[in-house]
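Open the model in your viewer and get ready to select residues by number. We will go stop by stop.

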Amino acid sequence: MEMNLGFITLEGFMRRNDGNRKKLKFCFIACGQFGGRQGDEFARLGHKVFALNTSESDLADLKVVDKENILKLDGYNGAVKDIERGQAAVKDNREKVLGLLNNPDVVDADFVFVIAGMGGGTGNAAAPILLSNLSRVRKPFNGKPSFGAIVSVPGAWEKRGIKKNARWGLSHIDDLIKKNACGSVTIIDNDKLFNMTEGILSDTDTKLEWTDYGNSTLAALLTEVAFLTSLPSSKTFDEDELLDVLSTPGYFSSGKCYIHEDDPMEVNSLTSLIAKSFRESPTANDYDYELDAVNGFVAVVHPKHKNPIVSDSEFRTLEERFGRYIANAEKPHSGLIENSNWGTITSRGRVQEPETNKAILYTGVVCSALPERIARMLQEIDQEEQELEAKKSERKNKPSLDLSAFKTIAKTEVAATREPVNSDFDLFAETGKANTADDDDNFKL
Ligand SMILES: Nc1nc2c(ncn2[C@@H]2O[C@H](COP(=O)(O)OP(=O)(O)OP(=O)(O)O)[C@@H](O)[C@H]2O)c(=O)[nH]1
Ligand SMILES: [Mg+2]
């Protein structure tokens, strides 16, 4: 795998600035910390990105997102992984959020992605609210929702509370998908990403976090896929075909891998290449592609050559293999793109080595069910909670220690309490209650 880990590397058929020039216009609404970090990588490649967060310091960390596209949810500093607090922050900033939803960049983009980590309070709360309201401002694509999401799912090592948050967020997103009220949702399975990058990153000197690796690889992958739809060819994979896939309600995974000149192109090796593309992708992998796929695409881009790396008949075999790989999807899209700029264009001012000896396979699939690992994790949380409850009720039968007898002994420790120890000294007796009343309960965007 060719990698340049210090910064985002784009493939030889596009320049860094081509992100701006492609015809397809994506818009990203990046929520919370994960959203912001991932959004910043998309902004680096020239996409329109809005960042929304309760946390001032997360927003200050953004390096590329335009300052005027940063929305601070006022009155909060972080949601402390509390979804209700995140929801309150969105509702308290209703006007700002409505302003964002009505921004021409959000309304007119070809596709809008809401980005959020499913483990926290801010992004988790904001994502279902934004997705539920995008249908009011977005024109459908061919009758399908022209917006979706990119969400990270906690790894196995993360706390149960974080996983429970993810269960909440995913259940709302699943509901939207089932109601055809949201297009494709790209799942970043942090467990897969961490395990996959451990091997890659340990082979390099570059100091890079697995999260940074995942964020920049996904940004590059989606940018390349979007760009290749605008490349002319006799067998194109065009903008509308990509939009057709992205607008399909379900869980999206995309992959990429190289095909070298001397790689065998017979049936089995083509199937392995397809599997490899998904396996090495920053998006989740362990879907039941065969039975759960509902839409997808396969595209090959290669340098224009007298003896092309992938011949027309080899490509037909690849299409056929891909069709079987995602058998349940009835109309996957495909394209074979010959590119004459390859190897001749410059990146970051340096002339790239001619890369005339490889082709690139891009794959994408939308599935109707979550990946196996994540479904299992959600079931395990249920089980852990049931076991905990069972243990609690078991221990209720034990005689419990009665501490009430010690109540009269003077406290020697400082303990924070909101109740006045002596009501005579309570200056807040009259006004204290008024603060707890919640007037905003019925706020809906
Ligand atoms: N893949 C990936 N996951 C991330 C990244 N940053 C955070 N996460 C994951 O996101 C989840 C936590 O969500 P955050 O985005 O930090 O939460 P938040 O939306 O800021 O919410 P609050 O902190 O409660 O305000 C955890 O599961 C993290 O593992 C990142 O850069 N990449
Ligand atoms: Mg945060």
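**First stop: strand β4**

Select strand β4. It is mostly covered: seven of its seven residues are buried. Buried means under 20% relative accessible area; exposed means over 50%, and partly exposed lies in between (1.4 Å probe, protein chains only). Strands here are DSSP runs of E with at least two residues, helices are runs of H or I with at least four, and both are numbered from the N terminus.

Now show the side chains of β4. Phe111, Phe113, Ile115 and Gly117 point one way. Val112, Val114 and Ala116 point the other way. In a regular strand the side chains alternate between the two faces of the sheet.

Before moving on, some ground rules. This is a predicted model: local features need pLDDT of at least 70, side-chain atom pairs count only at pLDDT 80 or more, and totals for chains, interfaces and linings use all residues. Residues are numbered from 1 along each chain as its sequence is written, chains are lettered from A and ligands numbered from 1 in the order in which they are written, and side-chain values use heavy atoms, leaving out hydrogens and water.

**Next: the strands beside β4**

Five bridges join β1 to β4, and the two run parallel. Look for Phe28: its bridge partner in β4 is Phe113. Two strands count as paired if DSSP finds at least two bridges between them.

**Zoom out: the whole sheet**

Which order do the strands of this open sheet follow? Its 10 strands run β3-β2-β1-β4-β5-β6-β7-β12-β8-β9, with mixed pairing. The edge strands are β3 (70–72) and β9 (333–339), and each pairs on one side only. Neighbouring strands are turned by 20° against each other on average, direction ignored. Axes are lines fitted to C-alpha atoms, for helices over the stretch in contact, and angles run from 0 to 180 degrees between N-to-C directions.

Select residues 293–303 and 358–367. These are β8 and β12, which pair in the antiparallel sense over eight bridges. Val298 has Thr363 of β12 as its bridge partner.

**Helices across the sheet**

Select 32–44. This is helix α2, which lies across β1, β2, β4, β5 and β6 and runs at about 150° to β1. Then select 267–279. Helix α12 lies across β7 and β12, at about 120° to β7. Contact means heavy atoms within 4.5 Å.

**An enclosed helix: α11**

Select 239–246. Seven of the eight residues of α11 are buried, so this helix is largely enclosed by the rest of the structure. Among the buried ones are Leu242, Leu243 and Val245. At the start of α11, a side-chain oxygen of Asp238 reaches to within 3.2 Å of the backbone nitrogen of Asp240.

Pick Glu239. Is it buried or exposed? Glu239 is buried, at 17% relative accessible area. Not counting residues up to four places away in sequence, it touches Lys23, Leu24, Thr229 and Ser230.

**Two side-chain pairs**

Go to His47, in the loop between α2 and β2. At 7% relative accessibility, His47 counts as buried. A polar contact of 2.9 Å joins their side chains. A polar contact is a pair of N or O atoms within 3.5 Å; within protein, one must be able to donate a hydrogen and the other to accept it, and residues adjacent in sequence count only if both atoms are side-chain atoms.

Now find Asp174 in helix α8 (residues 160–178). Asp174 is buried, with 19% relative accessible area. Its side chain makes a polar contact of 2.5 Å with the side chain of Tyr251.

**Last stop: ligand 1**

Select ligand 1 and its surroundings. Look at the oxygen atoms of the ligand. One is 2.8 Å from a polar backbone atom of Gln33. A backbone N or O atom of Gly123 lies 2.8 Å from an oxygen atom of ligand 1. In the side chain of Asn215, an N or O atom is 2.9 Å from a ligand oxygen. The protein covers 92% of the 650 Å² of accessible area that ligand 1 has on its own. Accessible areas come from the Shrake-Rupley method with a 1.4 Å probe; for residues, only the protein chains shown count as cover.
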